Structure formats: structure tokens, C-alpha cells
Amino acid sequence: MSGDVTAQLVTIWRTALKNDALGAESDFVDFGGTSLTAVRIRALIRTDLAKDVDLLDILDFPTPTALAPAVAAAPDWSE
């Protein structure tokens, strides 16, 4: 499951950071991620993956590969 989540997070990273060259090991901060970008990533995770990750998880696990287990374990999100 975490491989699928990682691939989905790569797509989210590419969208939020506006860079199609990002991969599974691309660090959020190294590619210009800010607190506002982290909020955008969290929103995309909620809408695309229906998971509710803590905003700090995005900063603590700054690559799709590192964040995938936290996303997989996160509670489901519903509005």
C-alpha cells in the first residue's frame, strides 16, 4: 500500500511545487516548499487520498517516500 501512496504523493508534490521533475525522494524544502505549500499539500492529500495528516508530518517527513507511511496510517478525512 505504501508504494501506491508514495506514487500518489509524488503527483501531489509535483502539483503543489509546480515541478514535474520531482520524484519519490524529492525533499519538500529543497524544492522551495514553504508553510503555505505544506498547507496546499495537506489539502491535496485530503481531497485526493481522503486522509487527514497533521501539517507537521509534512515538515517532519519531507519526501513522498518518508511521508507515505504516515499518510497510510492517518485517519480517513471526510468533510
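Predicted model: local features only at pLDDT ≥ 70, side-chain atom pairs only at ≥ 80, totals over all residues.
**A buried tryptophan and its surroundings**

Trp13 has a relative accessibility of 0% and therefore counts as buried.

Leaving out residues up to four places away in sequence, Trp13 touches Lys18, Leu22, Ser26, Asp27, Phe28, Ile41, Pro62, Thr63, Pro64 and Leu67. The model contains one aromatic pair. It is formed by Trp13 and Phe28, whose ring centres lie 6.4 Å apart; the ring planes meet at 70°, so the arrangement is edge-to-face. Trp13 belongs to helix α1 (residues 2-17), while Phe28 belongs to the loop between α1 and α2 (35-49), so the pair ties together parts that are 15 residues apart in sequence.

Trp13 also has a place in the largest nonpolar core, which has 20 residues. The residues with the most contacts inside this core are Leu9, Ile12, Trp13, Ile41, Ile45, Leu67 and Val71. Helices α1, α2 and α4 (64-73) are the elements that give two or more residues to the core. The largest share, six residues, comes from α1.

Two further contacts of Trp13 deserve attention, namely Lys18 and Asp27. Asp27 is found in the loop between α1 and α2. This residue is buried yet has no salt bridge, and the nearest side chain of opposite charge, Arg14, is 15 Å away. Apart from neighbours within four places in sequence, Asp27 is in contact with Trp13, Pro62 and Thr63. Lys18 is also placed in the loop between α1 and α2, but this residue is exposed, with a relative accessible area of 76%.

Most residues other than glycine have a negative phi. Lys18, although not a glycine, has a positive phi of about 50°. Ala50 is not a glycine either, and has a positive phi of about 55°. Ala50 lies in the loop between α2 and α3 (55-60) and is partly exposed, with a relative accessible area of 34%.

The charged side chains come next. Side chains of opposite charge can pair when their charged atoms come close. In this model there are three salt bridges. In one of them, Arg42 meets Asp52 at 3.3 Å, N to O. Arg42 lies in helix α2 and Asp52 in the loop between α2 and α3, so this pair ties together parts that are 10 residues apart in sequence. Arg42, at 23% relative accessibility, counts as partly exposed, and Asp52, at 23% relative accessibility, counts as partly exposed. Asp52 also forms a salt bridge with Arg46, the closest N and O atoms being 2.9 Å apart.

The remaining bridge to describe joins Asp76 to Lys51, with the closest N and O atoms 3.1 Å apart. This pair links distant parts of the chain, Asp76 in the segment after α4 and Lys51 in the loop between α2 and α3, 25 residues apart. Asp76 is exposed at 61% relative accessibility, whereas Lys51 is buried, with a relative accessible area of 13%. Through shared partners, salt bridges join Arg42, Arg46 and Asp52 into one network. Arg46 also lies over the face of Trp77, at 3.7 Å from the ring centre.

Finally, Leu55 lies in helix α3 and is partly exposed, at 29% relative accessibility. Leu55 touches Ala38, Val39 and Arg42, not counting residues up to four places away in sequence.

Technical notes: Residues numbered from 1 in each chain as written. Heavy atoms only, no water. Phe/Tyr/Trp six-rings, centres within 6.5 Å; stacked < 30°, edge-to-face > 60°. Helix = DSSP H or I, 4+ residues; strand = E, 2+ residues; numbered from the N terminus. Buried < 20%, exposed > 50% of the residue type's maximum accessible area, 1.4 Å probe, protein only. Lys NZ or Arg CZ within 6 Å of the ring centre and 35° of its normal. Core = buried A, V, L, I, M, F, W, Y, C linked by side-chain atoms within 4.5 Å. Contact = heavy atoms within 4.5 Å. Lys, Arg positive; Asp, Glu negative; His and termini not counted. Salt bridge = Lys/Arg side-chain N within 4 Å of Asp/Glu carboxyl O.
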